[in-house]
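Here are some exercises to work through with the sequence and the model side by side. Try each task before you read its solution.

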Amino acid sequence: MNETAPDPSSLAIDQDSSGAQAPLQNGDSDSLRSLCARLHSQITAFLQEDVQAETLRAVQAQTKKSLAIIQRASDQYPLASLSLSYNGGKDCLVLLILYLSLLPTHPSLPSALPAIYIPPSHPFDSVTAFTLSSAKKYHLRLDIHSADDCNPQMAGKGKGGGAMKEAFAQYLGRNPGVEAIFVGTRRTDPHGGMLSGEGFDMTDGGWPRFMRVHPVIEWHYVEVWAFLRHLNIPYCELYDQGYTSLGGTNDTHPNPALKVEGLNGEVRYRPAYELQEDREERLGRDR
């Protein structure tokens, strides 16, 4: 299922006196608690389904493991000290849905949950629009730290580079109470192979200090899509155009493994959910 993303300019993102973007303020009439309650019911019903497809049975098992990691993080850290790294991609979308599903009975639920969004230097308009609209829908207080706002010498170095480190440092400087951040990293992502299977890794290597919590670390590509499609979760429209891993316009293309050439030479791309192999997920990325 897809969702048409609105024009980003129609969303209320304030700027402070320095010109930096202030956190997105939630404008939904639906409360965060009622949203969490609905998602809790939806996830519970899914886990109780007698599914026949092997992939969906695997997704049920993965869901239980991820929920256990999220619950452990919630037990270890006060809600106010937890944040979420969110960029509108499929993996962090799964993480977000699972996280929200565990919160309906939390005694001190705020009106919106803290989150950080670090867009690439050359973002797709449709990815930006979906990220902002879904952040509003799911009650995220989105703090945007663009690579272009960091030290110019760091800009353009991409994920895992200096710009990403500096963006997190700026975020933690503005939000000193944050101790742990949920991230949607999977094992097949760059550097994902070095992360703990337990779901918790303290930052190192010169990164600002915080606990990385990665509940979907062991999910396979097909399981991510089986979850989103079975639960009818809206996702970014680029995935229906053959994009399987989303970066910037300068380094991201439709996945060649999904390319279809017609009899008259016309070219189209099958949707991302038709890809099967983890190792082919990033074939449309230059880095």
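A salt bridge is a side-chain nitrogen of Lys or Arg within 4 Å of a carboxyl oxygen of Asp or Glu. The model is predicted, so local features need pLDDT of at least 70 and side-chain atom pairs count only at pLDDT 80 or more, while totals for chains, interfaces and linings use all residues. Residues are numbered from 1 along each chain as its sequence is written, and side-chain values use heavy atoms, with hydrogens and water left out.

**Exercise 1. Get your bearings**

Find how many helices and strands the chain has, and in which order they run.

Solution. Step one is to know what counts: helices (H or I, at least four residues) and strands (E, at least two) are DSSP runs, numbered from the N terminus. By that rule the chain has six helices and eight strands. Step two is the order, which from the N terminus reads α-α-β-α-β-α-β-α-β-β-β-α-β-β.

Step three looks at burial. A residue is buried under 20% relative accessible area, exposed over 50% and partly exposed in between (1.4 Å probe, protein chains only). Of the 287 residues, 49% are buried.

Step four turns to contacts, meaning heavy atoms within 4.5 Å. Taking contacts between residues at least 6 apart in sequence, 74% join residues at least 24 apart.

**Exercise 2. Follow the salt bridges of D91**

Work out which partners D91 meets in salt bridges, starting with K90 and going on to R186.

Solution. Begin in helix α3, where D91 is found. With a relative accessible area of 10%, D91 is buried. Its side chain meets that of K90 in a salt bridge (3.8 Å, N to O), and K90 is buried too.

Next, the side chains of D91 and R186 form a salt bridge at 3.2 Å, N to O. D91 lies in helix α3 and R186 in the loop between β4 and β5, so this pair ties together parts that are 95 residues apart in sequence. R186 is buried, as is D91.

Now list the wider surroundings. Leaving aside neighbours within four places in sequence, D91 is in contact with G184, R186, D189, V216, V224 and E281.

**Exercise 3. Find the core**

Which residues have the most contacts inside the largest nonpolar core?

Solution. A nonpolar core is a set of buried Ala, Val, Leu, Ile, Met, Phe, Trp, Tyr and Cys residues joined through side-chain atoms within 4.5 Å. The largest has 65 residues, and L100, F182 and F227 have the most contacts inside it. Helix α3 (residues 90-101) gives the largest share of this core, nine residues. Apart from it lies another core of eleven residues, including M164, L172, I181 and F210.

**Exercise 4. An enclosed helix**

Why can helix α6 (residues 221-230) be called largely enclosed?

Solution. Count its residues: seven of the ten are buried, so the rest of the structure largely encloses α6. The buried ones are Y221, E223, V224, W225, A226, F227 and L228. These pack against α1 (32-48), α2 (54-76) and α3. Just after α6, N232 takes a positive phi of about 60 degrees.
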